[in-house]
Amino acid sequence: MLALAAQAACVHGARVKVIVTCGPSYEPIDEVRRITNFSTGELGILLANRLTRAGFEVLCFKGVGATCPLRVEGAQTVNFTTNENLRAGLGTVEGRGEISAVFHAAALSDYRVKSVQSSEGIEIAAAKIPSRSGELTLTLEPALKLIDDLRILFPSSKIVGWKYELTGTRDDALAAAARQIETARSDACVVNGAAFGPGFGFCERDIEPALCADKPRLCAYLARWLERAIFDTETSGLPD
């Protein structure tokens, strides 16, 4: 396994480049208030560190609202704020065609604020909405769905998305993961949440899902999966 990791993490003498996104995005209400998803960023940090230890060159996009105290070790870190800000950052990555994999673990906002109105129906636009403005109504609209753009940004990369499902059964959660793979043209999806049950599922098209009991085991599995994928692609024909 160590030999496989060493060969996979270096192709043609260069370290294999990987992107990991983690933590939450936010969408502003005004310049001091925001809506966001709850996400510590821990899983993405653990994954970035695990991939770095395996010899990959990791670029970690980390939401500024991530609360996990763990440090990203040995990887370049770029902070992001909104969905659009992350999209712009990914779009400026140099040599996107050289990125072997994108692990999109960030918990991005599904909605952004379209307008803020007073109880009288008057739209309020201020750098800081006065705290004595009384009852407010926020109108939300769908935010950018970044998973759908990743194949455009990284056409030759392995892309792994995430699905966090709270309602329904495990079969429902796995079906949601399969739909994401199909619609986003990604290679795999990690699924978890109350609907899935304990642990994590790693889903690929037409392959039985793999089960991982916790975050460290999931990160180890993803590193091995990437090592095998790159090894099979770049060094096919080598003896076992």
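Is Arg 185 exposed, partly exposed or buried, and why? Arg 185 counts as partly exposed because its relative accessibility is 49%. The close-ups below come from a predicted model.

Close-up 1. For context, most residues other than glycine have a negative phi.

**Close-up 2. Asp 206, another non-glycine with a positive phi.** The phi of Asp 206 is about 60 degrees, and again the residue is not a glycine. You'll find Asp 206 in the loop between β13 (200-204) and β14 (207-212). Asp 206 counts as exposed because its relative accessibility is 78%, and the cut-off for that label is over 50%.

**Close-up 3. The largest pocket and what lines it.** This pocket holds about 1,000 Å³ of space. Its lining takes in 37 residues, and the ones closest to the centre are Ala 106, Ala 107, Trp 162, Lys 163 and Tyr 164. The top contributor is α5, with 5 residues. Sort the lining by class and you get 16 nonpolar, 13 polar and 8 charged residues.

**Close-up 4. Lys 17 and Glu 98, a salt bridge across the sequence.** A search of the whole structure turns up 10 salt bridges. In this one, the side chains of Lys 17 and Glu 98 meet at 3.0 Å, N to O. Lys 17 belongs to strand β3, while Glu 98 is in the loop between α3 (83-91) and β8 (99-104), so the pair ties together parts that are 81 residues apart in sequence. Lys 17 counts as partly exposed because its relative accessibility is 25%.

**Close-up 5. Lys 145 and Asp 110, a salt bridge between two loops.** The N to O distance for this pair of side chains is 3.5 Å. Lys 145 comes from the loop between β10 and α4 (150-153), and Asp 110 from the loop between β8 and β9 (111-118), so this bridge links parts that are 35 residues apart in sequence. Lys 145 is partly exposed, with a relative accessibility of 46%. Asp 110 is also partly exposed, at 41%.

**Close-up 6. Arg 217 and Asp 214, paired through their side chains.** In general, side chains of opposite charge can pair when their charged atoms come close. Here the side chains of Arg 217 and Asp 214 form a salt bridge, 2.5 Å from N to O. Asp 214 has a relative accessible area of 26%, so it counts as partly exposed.

Close-up 7. Leu 140 is part of strand β10 (residues 136-142). Leu 140 counts as partly exposed because its relative accessibility is 42%.

Definitions and conventions. Residues are numbered from 1 along each chain as its sequence is written. This is a predicted model: local features need pLDDT of at least 70, side-chain atom pairs count only at pLDDT 80 or more; totals for chains, interfaces and linings use all residues. Side-chain values use heavy atoms; hydrogens and water are left out. Helices (H or I, at least four residues) and strands (E, at least two) are DSSP runs, numbered from the N terminus. Buried means under 20% relative accessible area, exposed over 50%, partly exposed in between (1.4 Å probe, protein chains only). On a 1 Å grid over the protein atoms alone, a cavity is a set of points where a 1.4 Å probe fits but cannot get out, and a pocket is an open set with protein on both sides within 12 Å along at least five of seven lines; lining residues have an atom within 4 Å of a point. Grid points are joined across faces, edges and corners, and a volume is the space filled by probe spheres set on the points. Ala, Val, Leu, Ile, Met, Phe, Trp, Tyr, Cys and Pro count as nonpolar, Asp, Glu, Lys and Arg as charged, and the others, Gly among them, as polar. A salt bridge is a side-chain nitrogen of Lys or Arg within 4 Å of a carboxyl oxygen of Asp or Glu.
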